Amino acid sequence: MNASRNLYISMLIAIVGIVLYVLYANFIYDPQAEQFLSRKEGLKREVAVTAWLNAMYVHVIFACAAMVSGASNFSNKMLRRYPTFHRTNGYIYAASVLVVVLTSGYMAPYATGGKLTSIPFNLLNIIWPGLTLLAIIQIKKKQIHKHRQWMVRSYAFCFTNLFIHFFEAIFDNGFGFDYKTSYALGVYCSIGVLFLLGELVIRTVYRTPPTITMQPRATNP
């Protein structure tokens, strides 16, 4: 129990750090995304910078909201003590995912590498809300264990951008590939690895059902 609690606390600390860094990088350090936009290659259409930046700002804010709300809902203590908050927070997560994929859908045609990169982004924009919807369906059926497993699969993709840049750096700095190729490979690798990591967490951390029962909602007489 202590090991699980420590792992969860460590995850929360890491997520807070990631969120603070992302907000700093996108709203303070480089609010015009000059570094990122200057490296875009293989585009068939010119980037409408103002509209793209506005979409990016919304994308970043709701991606951070999804990361925080999703993480907090994995707490068993939160679920037991504050089931109403857990439920509301779950819908906040789902709404945040929807906003993220909508803004990602706008930005996908401008992805570095052109169609080779925009295709997996658009595919993810279908898969991610689909996984989230399956999680909602399972909890509506009072299937807590299955709900949590589908939430793990969904939540894993909150880290897509982080893993893209991680793999891009490996291919760029480690193998000497050009930025366009490194970024495209980073997109494909991040999607595949995050799917596998989600399954790994399910088969290790969440392989057994939680000792939590759904309480019936109070009804007015």
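Predicted model: local features only at pLDDT ≥ 70, side-chain atom pairs only at ≥ 80, totals over all residues.
Q: Where does Ser75 lie, and is Ser75 buried or exposed?
A: Ser75 lies in the loop between H3 and H4. Its relative accessible area is 14%, and buried means under 20%, so Ser75 counts as buried.

Q: Why is the pair of Phe74 and Tyr155 called edge-to-face?
A: The ring centres of Phe74 and Tyr155 are 5.6 Å apart, and rings pair within 6.5 Å, so the two are a pair. Their planes are at 70°, and over 60 counts as edge-to-face, so that's the label.

Q: What does the pair of Phe74 and Tyr155 tie together?
A: Phe74 lies in the loop between helix H3 (49-72) and helix H4 (76-81), while Tyr155 lies in helix H7, so the pair ties together parts that are 81 residues apart in sequence. Both residues are buried. Ring pairs also link Phe74 and Tyr155 into a cluster with Tyr93, Phe159 and Tyr206.

Q: How many aromatic pairs does the structure hold?
A: There are 16 aromatic pairs.

Q: Why is the pair of Phe36 and Tyr183 called tilted?
A: The centres of the Phe36 and Tyr183 rings are 6.1 Å apart and their planes are at 55°. Stacked needs under 30 degrees and edge-to-face needs over 60, so 55° leaves tilted. Phe36 lies in helix H2 and Tyr183 in helix H9 (residues 179-204), so this pair ties together parts that are 147 residues apart in sequence.

Q: What makes the phi of Ala33 worth a look?
A: Ala33 has a positive phi of about 50° although it isn't a glycine. Most residues other than glycine have a negative phi. Ala33 sits in the loop between helix H1 (2-29) and helix H2 (34-38). With a relative accessible area of 6%, under the 20% cut-off, Ala33 is buried.

Q: Where is Lys142, and what is its phi?
A: Lys142 is in the loop between helix H6 (115-140) and helix H7 (144-156). Its phi is positive, about 65°, although Lys142 is not a glycine.

How values were computed
Residues numbered from 1 in each chain as written. Heavy atoms only, no water. Helix = DSSP H or I, 4+ residues; strand = E, 2+ residues; numbered from the N terminus. Buried < 20%, exposed > 50% of the residue type's maximum accessible area, 1.4 Å probe, protein only. Phe/Tyr/Trp six-rings, centres within 6.5 Å; stacked < 30°, edge-to-face > 60°.
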